[in-house]
Amino acid sequence: PKSDTDLNLNMATQATAMMQAQLEAAVLQTVATAERQVDEQLKRLDGMSKDELEEMEIVRARRLDQMKASAAKRQRGHGEYREIGGSGNEQEFFDAAKQSDKMVCHFYRESTERCTIMDSHLTKLAQMHPETRFVRINAEKSPFLAEKLRIIMLPTVALVLKGKVKDYIVGFDDMGGADDFDTEVLEWRIGTSGALDYTGALEGVPTGVEVKTTFIGRKGAASKRGTRAGWEDDSDDEFT
C-alpha cells in the first residue's frame with residue numbers, strides 16, 4: 001500500500017497539473033480574443049477609403065502629440081503637489097511660472113493650521129488637474145519673494161497665468177470662511193481666474209457656500225491688499 005507521503009505527493013502533482021492546465025487555457029483564451037480583435041480591425045481597415053485612412057492617421061498623430069505633451073508636463077511636476085523654493089531658492093518660483101501656462105502657488109507656514117488644510121485640498125486638485133502645476137513655498141524662507149508679491153497673510157494662494165500673478169486667494173473667506181469647506185469650492189474659486197480648467201458653472205459657488213469677500217482684481221477688492229492695517233480677518237495668521 002502507498003504511504004501517506006506518496007498520496008500527498010500524488011495529490012500535489014495532480015493539483016499542479018490542474019493549475020497548469022487552467023493557466024494554459026486562460027492564455028489560449030486571451031490569445032484567441034486578441035486575434036479576433038486584430039481580425040476585426042483588419043476587416044475595418046480593408047473597408048475604409050483612402051480619405052478615412054488619412055483621417056485616422058491624423059487622429060492618431062494628434063493623440064500621440066497629446067500624450068507627449070502630457071508626459072512633458074508631468075516631467076515639470078504637473079499632476080502632483082510639490083514644494084519649491086527650498087533653502088531660500090526664490091528664483092525657482094519665477095522659473096516654474098515661466099515653464100507652465102497655469103500655476104497655483106501656496107505660500108504657507110508650517111505652524112499655521114489653515115495652511116495644512118489648504119495643503120490637503122491642493123494635493124487633491126493637483127491630481128485632478130494635470131493641466132495646472134500646483135506648488136507650495138515656505139513664506140518664512142522666502143522673504144524677498146513674499147515682499148515682492150505682498151504676501152502678508154497666510155495661507156495665501158497665488159494664481160499664475162503665463163508667468164504673471166493674476167489673482168490671489170487670501171485666507172478662507174472666498175470659500176465661505178470656515179475650515180471645513182469642500183475641495184470643489186476651492187476648485188471653483190481657482191477656476192474663476194482661469195488657473196485650471198473648470199467644467200462647472202462659474203457664476204455661483206457650486207455647493208451654495210456664502211462668499212464673504214470680493215475677489216482680488218475685482219471692483220472693491222484693491223483696498224484689501226498692500227498694508228497690514230487693511231486686514232480684518234484675524235482667524236488667519238499674519239505673516240511677520
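## Helices on the sheet

Helix α4 (residues 113–128) lies across β1, β2, β3 and β5, with contact meaning heavy atoms within 4.5 Å. It runs at about 160° to β2. Helix α6 (residues 183–191) also packs on the sheet and touches β2, β3, β5 and β6. Its direction makes about 145° with that of β6. Axes are lines fitted to C-alpha atoms, for helices over the stretch in contact, and angles run from 0 to 180 degrees between N-to-C directions.

The model is predicted: local features need pLDDT of at least 70, side-chain atom pairs count only at pLDDT 80 or more, and totals for chains, interfaces and linings use all residues. Numbering starts from 1 along each chain as its sequence is written, and side-chain values use heavy atoms, without hydrogens or water.

## The sheet

The open sheet has five strands, ordered β1-β3-β2-β5-β6, with mixed pairing. Strands pair if DSSP finds at least two bridges between them. Helices (H or I, at least four residues) and strands (E, at least two) are DSSP runs, numbered from the N terminus.

β1 (81–83) and β6 are the edge strands; each has a single partner strand, so one side of each lacks a neighbour in the sheet. On average, neighbouring strands are turned by 25° against each other, direction ignored. β2 and β3 run parallel, joined by six bridges. His106 has its bridge partner, Arg136, in β3.

## The buried face of α3

Helix α3 (residues 91–99) has Phe93, Ala96 and Ala97 as its buried residues. Buried means under 20% relative accessible area (1.4 Å probe, protein chains only). Down the α3 axis, these residues fall within an arc of 100°, so they line one face of the helix. The arc is taken from the directions from the helix axis to the C-beta atoms. Their cover includes β2 (102–108), β3 (133–138), α5 (143–148), β5 (156–161) and β6 (164–170).

Note on methods
Buried < 20%, exposed > 50% of the residue type's maximum accessible area, 1.4 Å probe, protein only.
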